[in-house]
Amino acid sequence: MSGKVKVAVLGATGMIGQRFVEMLEDHPYFEIEGLYASERSEGKRFGDTLKVRDYSYKQETLDMKISKMDVDHISKACRIAFSGIPSELAGPTETELAQKGVAVFTNAGSHRMDPHVPIIVPEVNTDQFCSIKDQDTYGNGGYIVTNANCSSTGIVVPLRALNDAFGLNEVFVSTYQAISGAGYPGVPSLDIVGNVIPFISHEEEKMETELAKMLGTYADGEFKYAGFKVMANCARVPVIDGHTESLVIDMKESPSIEEVAKVLADFRGEPQKLGLPSAPEQPIIVRAEENRPQPIYDVFAGTPDRARGMASSVGRIRCSNGYYKMWVVSHNTLRGGAGGSMLNAEYAYKKGIL
């Protein structure tokens, strides 16, 4: 026996599920017990379902068979379920797993606004892990921890660094989101090639509420949202991977551009202090070039090894009329997807929350 924690990957034929599998290969804490998807994928070879094309899986992984979702089996065989299933299916499945004693780390949005379910980005708000003790299922060892929407994740670490140092009044964000954020096969080519789609259903509302929840606190059985305002505009652009985000920020203090850049570059959180396997050594990479960050260059920031695609790249930091402006690029299916949940589970493992 390896002594590693047995885990299930839910939605293993989808983009996020396959990113989970990528990050679980030879993981020091976790070992895949099974890959699960819908009945129509039962018995298929994992290698015959691939959507991820920038990573080479091991042959033994490619030869693994997909099983249909079986909550009873998963709850008996696994301590952790990594969920990459669509939100409309995730809600009841994740609840049932938690009721049966499984720790669920999910990329889906079904439970993000539940009263005792945290949205965790470990560099930002590990203190909110305490909310799981108020979940009805905690007594039998089961609970649900969500990661944030992929566009929220890319900017919440820089916002945490800036809020700690200078205080935030208002945040205006415009996103230019990759097509992989829509899942495989994404957006039809006739709709997206040579085009910008200025609407992503519910995305702006998610950003405005999730950021306030994550940067707030949890006390006396409830979340208290952060006091600053967030306003979002979201668009889909013809980029495969990597969300680009434009930030305009009103801060309580008036630091120099050099001070802002230093605070961002020097920021470290709990994952870095604990040396978690999937944590980038530097969660915020500040680019000095006048034309960076760009997805084509910066989406895999944080390389090498398991930390690839797990950092946010920030550049073009400037100040105009009292507002601070900058651009951020992050990988939407790694840091903003499977990697976020993986880091949450690694933190839980390291701190004995499992």
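The structure contains an open sheet of six strands in the order E3-E2-E1-E4-E5-E6, with parallel pairing. Strands, like helices, are DSSP runs numbered from the N terminus (at least two residues in state E for a strand, at least four in H or I for a helix), and two strands pair if DSSP finds at least two bridges between them. At the edges lie strand E3 (66-68) and strand E6 (143-146), each of which pairs on one side only. On average, neighbouring strands of this sheet are turned by 30 degrees against each other, direction ignored.

This is a predicted model, in which local features need pLDDT of at least 70 and side-chain atom pairs count only at pLDDT 80 or more, while totals for chains, interfaces and linings use all residues. Residues are numbered from 1 along each chain as its sequence is written, and side-chain values use heavy atoms, with hydrogens and water left out.

**Sheet and covering helix**

Strand E1 (residues 5-10) and strand E2 (residues 30-37) run parallel and are joined by six bridges. Helix H1 (residues 15-24) lies across E1, E2, strand E4 (80-83) and strand E5 (103-106), and runs at about 155 degrees to E1. Such angles run from 0 to 180 degrees between N-to-C directions, the axes being lines fitted to C-alpha atoms, for helices over the stretch in contact.

**Salt bridges**

Side chains of opposite charge can pair when their charged atoms come close. A salt bridge here is a side-chain nitrogen of Lys or Arg within 4 Å of a carboxyl oxygen of Asp or Glu. By this rule the count comes to 19 salt bridges. Three of them are listed below.

| Pair | Closest N to O distance |
|---|---|
| Arg 45 and Asp 63 | 2.9 Å |
| Arg 160 and Asp 164 | 2.6 Å |

Asp 54 is partly exposed at 31% relative accessibility, whereas Arg 19 is buried at 1% relative accessible area. In these terms, buried means under 20% relative accessible area, exposed over 50%, and partly exposed in between (1.4 Å probe, protein chains only). Both residues also belong to a network of salt bridges that links Arg 19, Glu 22, Asp 54, Asp 241 and Arg 308.

Arg 45 forms a salt bridge with Asp 63. This pair links distant parts of the chain, 18 residues apart: Arg 45 is in the loop between E2 and H2, and Asp 63 is in the loop between H2 and E3. Arg 45 is partly exposed, with a relative accessible area of 22%, and Asp 63 is partly exposed at 39%.

Arg 160 and Asp 164 both lie in helix H6 (residues 150-166), four residues apart, about one turn of the helix. Arg 160 is partly exposed at 24% relative accessibility, and Asp 164 is partly exposed at 48%.

**Packing of H6 with H8**

The axes of H6 and helix H8 (residues 203-214) come within 10 Å and cross at roughly 35 degrees. The contact (heavy atoms within 4.5 Å) includes Ile 155, Val 156 and Leu 159 of H6 and Met 207, Leu 211 and Met 214 of H8. The residues of this contact divide into seven nonpolar, two polar and three charged. Here Ala, Val, Leu, Ile, Met, Phe, Trp, Tyr, Cys and Pro count as nonpolar, Asp, Glu, Lys and Arg as charged, and the others, Gly among them, as polar.
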